[in-house]
Structures are given as C-alpha cells and as structure tokens.
Amino acid sequence: MASAIEVKNLHKSFGKTRALDGLELEVRTGEVHGFLGPNGAGKTTTIRVLLGLLKADSGSATLLDGDPWRDASELHRRLAYVPGDVTLWPNLSGGEVIDLLGRLRGGLDPKRRTDLLARFDLDPRKKGRAYSKGNRQKVALVAALASDVELLLLDEPTSGLDPLMEAQFREIIAEERKSGRTVLLSSHILSEVEALCDRVTIIREGKTVESGSLREMQHLLRTSIDVQLDTPDGQIAAMPGVHDLRVEGNHATFEVDTEHLNGVLVKLTGLGVHDLRSHPPTLEELFLRHYESAEAAR
Amino acid sequence: MKDLLNTWRLTLLALRRDRWIMAIWIFIIGITPASLVSTVKAVYPTLAARTGYMNLTNSNPAFLANYGPIYAPTVGAVSAQRSGTMPLIIALAALLTVIRHTRTDEEQGRRELVEAGVVGRQSSLAAAVIATSIASLVLGVLTTALLVAQGLPLAGSIALGAAYAATGVLYAGLGGSVAQLSQTAGGARGLGISILAATLLFRAVGDARMGGSGAWLSWLSPVHWAHQLRPYAGEQWWVLLLFAGAFIVFAAAAFALNAQRDLGAGILPARLGRAGAPGYLGNPLGLAWRQQRALLWSWVIGMAVMGLFFGAIGNSVGQLATSSAGITNLVDKLGGRGALVDQFFGFMMTALGLAVSAYAVQAALRARREEAEGRAEPLLSTAATRWGFAGSHLVFAIVGPAIALATAGVVAGLAYGATAGNTGAEVWRLLGAAFIQLPAVYVLAGVAVALFGLVPRWASLAWGVMGAAVFVGIFGPLLNASQWILDLSPFTHLPRVPGGEITVAPLAWLAAIAVALMAVGLVGFRRRDVTGG
C-alpha cells in the first residue's frame, strides 16, 4: 500500500453550494501530510467524505485500500479522527469518552492513555459539559493517539490549545511519524504544517491548487526584499519578476520571484544599496499568494 | 433597576426568536374554545338537553377526571369545560418557553455572550418571563375575542380568556424557578414536567371525587383554579388573586435564586465523574443506554405514580355509581357499575398511551439530536456502524414505552385490586389494556424514525404528528369531527379495553405500519449524509 489516501476528482455539493469541485489528494503511507486551505475551502468536507459520513457526488476516494462509504466501519478500526470542533456527551466524563471511543476502535493502550493524560495535563473526571474548548480537544486527541491505528485524521486539532500544549502536540506528532503512522493534518496554521509535514496539499474553493513536498514548493515562492537606496528610483518596477512594489522616498519594499532574484540583486547594486534586508519565503506567503490571486481574479 | 437593564430589548429578542412557534400555539389554543361553541349549540340546543348532559358528566368520574365538572347548563360553560385540558397545554407551553430562553441559552453559552454586554443580572430571566407572559396575554385576548364573536356573554368570555392568560403567566414564573434549580435544560424540563404531571393528577383525582372526601385535592392544582374562575357559570373573579399570589411567590423565588448563583451553575450541585468508563460503555447500545436511561426511569416512575392514582380511585368510581338512586339509574343505562369502571380505565389507558407516545417520539428522536448536536460524528468515525447507532436508540423507543406502559398497568391493577379485590385478575386485565396501546405508540415512533432517516432537518415534525394525534384523540369526538379525520390518529383504531372486544386485525395493521416506517427510516439513514443542525 503506497498510498494511505487517494482522492481523485472528488465532487460534493450541498444544495447550490459546491463544497468540493474536483479535489485531488494523495497521502503516502508513513508520511505526515499537511492539508491546507482557508476556512470554508472544503477541508472538513473532504475528511467527512473520507470517513464515510458524507457520500461523494462523483469522483473516487480510496482509504487504506478500501471504499470509505461502503467499508466505513471496517476501515474505522484502522484509523482515528479528531474533529476540529469537538462535541462531547455532556453527561460523560472525559475519561469515559476516551475509553468509549477507544473500545469502539478496538481497544486502546492503557499505558499510553495515562502518559497522554499527563502530557496534556487533562483531568479525566470532569463531565463533558464542564470542559473548555481546548480541553474537549485534548479529550479527542488522547482518545485518538492512545488507539493503536495506522492512520490519524486530524482536522485543525490545535485550534483550541494554548502554545504550551501546541508544542506538546507537535512533539507527539513527531514521535508518531517516527513510529510509522500516517497522519493527515488539516490546518490553516501554516507554521504548524511547516514544522510537522513532509508534504502538503493546498486547496481553495474545493479544488486542489498545489501539492507536493515543501522543498518542491519553495521554488514557486518569492523572496521579500526591503531595501534602502542612495537615490529615489523608478527602475525597480521595470525589473523582471518584481511584484507588489512600494516606494517611499529612498526606501523600497517588494517581492521577487526566486528565479529572478540574482538578476534583480545585480541591478540593485548599480543603484547604490544602503541597507538591504531579505527574508526567506514562508508558507504563509505562498498561501496568501494563492488566496489573493483568487480574490484578484474575480 | 440596574439589575434589569435592557430587559425590554432582550424581551423583544425572545419574542423575535419565538415568533412562529408562539403564533402557532397561541392560534391553536385560542381558537379551540370558540370552535367548540357551535358543536355544543348543535348537540345540546336546549337548556334541558344541556342540563341532562351536565348531570351525566358531573356524575361520571371518568369525564370528571378528564375534563373537570360543568358548572352551569349554559352553552359557554359546556364549551369551557370541554376545553378543560387547555390550561394544562398552556402551562406546558409557558414552562418550556421560559426554560428555553433561560437555562438552554445558558447551557449553550448564549447567555454568557449576552450578559457580557450592557444588561443587568436579572435581565435574561425577566425577559424570558415577560415574553412568555406577553404571549399568554395575547392568547387570553384572542380567546375572549373569538368567544364574543360567537355571541357568548362578555363577562364569561373575559373570564375564560383571563383563566388562560393567568395560567400562562403563572407557569412562566414557575418555569423561571425550575430553570434555576437544575444545571441542565433537560433537568429543568424534567422537573417542570413532573410538577405539571402532579397538577394534572391532583385535579383529576380531586375532580373525580367531586362532592366527596378528597375533592379538596383539586385546589392544589392551578389548572383547577382556571376552571374555578367559572366562566359563564357565575364568574368567581377572586380566583385571579390566587394566580397573582402564586405567580409572585414563584417569580420572587426565581429572581432570588438567580441573584445568588454563578453563571452556568445550578442550585443542585454538579459532581465529578469517573476517570474511566464502566464495562458496558463500549458499544453503541451501551452509549444509548447511558443517554436514555434517565428518561426511561423518569417515565417508569411517572407511569407508576399515574397507575397508582388511577388504580386507587377506580374503586371509588364504582362506589360513586351506587351512591344515589338517580345515579344508579343512569349508570344502569350506561351498562352497569362494572362497565363504568371499565370505561374509566379505558379512558385512562388511552390518556396514558397518548402520553407515552411523547416518550416514544422523544426516545426515537434522540438519534437525530445526537447527530444535530455533532455527537454522531465522533461515534460514526469509529467502528460503530450506522445501524448500530440508530438501532440502539430505536431499541429504547420500542422497549421503553413497553416498560412504561407495563408499569402503569401493573401498578394500576395492584392498586385497584387492593381496594376492589381479585388482584391477580385485575393486574392481567389492566396490563393487557396498557399493552394494547403499544401498536399506536409505535406508529408515532415510526414516523419519527422515518423522518430522521429521510428528511433529518424536518425530524421534529414528528412532534407535530404526535400533537395532531393527541388533538384528534381529545377534541375530535368533542368537535363531532367526521370519521376520516378521527381515523388519521392511530389511537382511533385501538380496541376499547378493558370492557370492549379485542380485535387483532387493526393491531396487526398498526404494528406492520410501524415496522415499515422504522425500516424505511433506518435504510434512509444508512444511505444519506450525516448532517449537522
């Protein structure tokens, strides 16, 4: 099994709203795969289709070599899911929910359960209605991570966690990767994906816009330049590969396509560089670019 | 006044949120007495006819327990008595409305959002009570106006409208109190409905013993107060003071409790749970048991209490029938003493069957509630199947009503047997009469399951179907509705037992319809998307 998840040309509409419009997604076995997109892009819908909670209108989805709709309950023994907005049974304690979900997946490791409760600093005796959003999320995370499964589907799992717990979460995911589990991590927090994922898929409005390893994507990126010149100048705008130029007196900020970086630098030195700062491309910018270009195209 | 800052804005918000549901119950309840007037005029056109009917009713404990007595042989008084269950329905509507706008809001975090704004500590509670009271007053005015339009005397029409409005206002205050006691909306509703059941029982038992010992029990029930305003029968306006006094007590208690407690807290404390799950909590059925058991126990207890009361007064129904020569004559015409007792129990079992169908619908809709509130998603993303999830809740919609009705039948049989003798036989007879209701109950549960499976967003329509069945059951015969309308309710098709003959065919048909509806619902759920609210 080379791919844990393979989604091809997936479509799903709710009434007139097109939630998924030809989505493609491939998650290889043993990798941590980032699933990125702005709110409402279709991340949760995709995961729900993969869980067999929603039936796709057209296209194909394969999960652990099975059909997520037809073989739902058998496949679910081999995976664990953490929803983005965790709702617990109000009259069940956190510990009861963890045990219930674990048993329903075919058992969980009691040692790991104890260990995770300690690491997440979670009191399992509180009733579901008494937990805060972050603590509800921890309950779902402990239940998922303490189960012995091949695949973890995590839908914005850290949206309610404080920075300390977020760090704890990253550490645990890194351990999971070492032990060979496959993880699909949906997120709109890019630093999280950057820190954890081998490959990413970026979606927007139900379509896949980019997919690949982070290294492969770097070449698509721009570098941000912040430069102080000797004289105010109008030449920068004409240089190839320059975008989003802003000039204030002698001070210019702009972005440049990485492939044109050298040419631009050469020309800049001719203008008398006083001070130059550049910062490396981040996924944030990649993401914003995809998002903004879509807005601009309308 | 700082505590009540911006109450009026919140009141408008509550009215805005409830505009449809309020309009519906105000309309349905408001037109009922007026729509009964023409039937009463047609069936009992003369004073003599009405006097005869009055004497018959007032000497029949089954009628008395169901609707209360008739206080004068006027068209208005007969119509008012026939709509005698209305105050109970108004009380229920008021109670649920106030709880929804107080404890439910608090439980779901909306009150926190509101109270972080410029509002007083008591504003949310006050707004809920005021909005419900406004709805009750509108109902009262509508009732009065429609009765006057039917040509009935003004004073009596005002009295009946005032009785309805006062009942609504009183139970709004009571709802405000119970909402403070329990930390959850479900708990508050349970508490409120238990109180309502008690008021029903006190009135039913007291009225059934009218003129005898124990008749004073009725006065413990505000529904009886509504009757005691005596519309069109020498209005007793002072009864309104009772309503006012009780409202002040309940409202003061509500505000006092609300002032003392923290947001989100109840007066009854919340406890820590277990650190791990007990053995049974490892499959969908175990989870459904955990979700459903409180409801099951409360119905079993409620049905035991109902069975006890009705069983205990069954014998006095028989005694009353032989207490005076005139009545004995009348009773002989109706089929003798035994027939009168049978008729009484027949009425009671139908009423309990209708009540239990509310339980069946609630238990069946639990699966939808789990789904709408997002708890089906984590469950169904495990190895739990759709069948397992939906089927587990259906088990409780099937077994629960059977246990509840069996409890009522057995307890009624024991209580009746203890006073009238022949306990063993009475238990079997009344258990049978209780079980006969089940096919009709299951049809309504089946409607809920089918809606859940096919059109989940409309699943609560099952309550409308159930309400229609109750309405047809109670008011259909009074309105002289044509047979096809009566036939729409599954309860119409049940044999009248005890006393009547048991025919198997209609029971088998109802059971088959119920099974078909449930199967359609389960298959539909397997094939559709899991959706949110």
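In chain B of this predicted model, residues 24 or more positions apart account for 76% of the contacts with a separation of 6 or more. The secondary structure of chain B consists of 22 helices and 0 strands. The radius of gyration of chain B is 24 Å, close to the 24 Å that the globule rule gives for 533 residues, so chain B is as compact as a globular protein of that length. The C-alpha trace of chain B spans about 70 × 60 × 40 Å along its principal axes. Of the 533 residues of chain B, 52% count as buried.

Chain B also touches chain A. The contact involves 25 residues of chain B and 29 residues of chain A. On the chain B side, two or more residues come from each of α13 (284–321) and α16 (376–380). The largest share belongs to α16(B), with 3 residues. By residue class, the side of chain B that touches chain A holds 11 nonpolar, 8 polar and 6 charged residues.

Chain A was examined at the level of its domains. The domain assignment of chain A gives domain 1, covering residues 3–217, and domain 2, covering residues 222–280. The C-alpha centres of domain 1 of chain A and domain 2 of chain A are 42 Å apart.

Conventions:
Residues numbered from 1 in each chain as written. Chains lettered and ligands numbered in written order. Predicted model: local features only at pLDDT ≥ 70, side-chain atom pairs only at ≥ 80, totals over all residues. Domains from an automatic or database assignment. Contact = placed C-beta atoms within 7 Å. Helix = DSSP H or I, 4+ residues; strand = E, 2+ residues; numbered from the N terminus. Nonpolar A, V, L, I, M, F, W, Y, C, P; charged D, E, K, R; others polar. Rg over C-alpha atoms; globule rule 2.2 N^0.38 Å. Buried ≥ 20, exposed ≤ 12 C-beta atoms within 10 Å, placed from the backbone.
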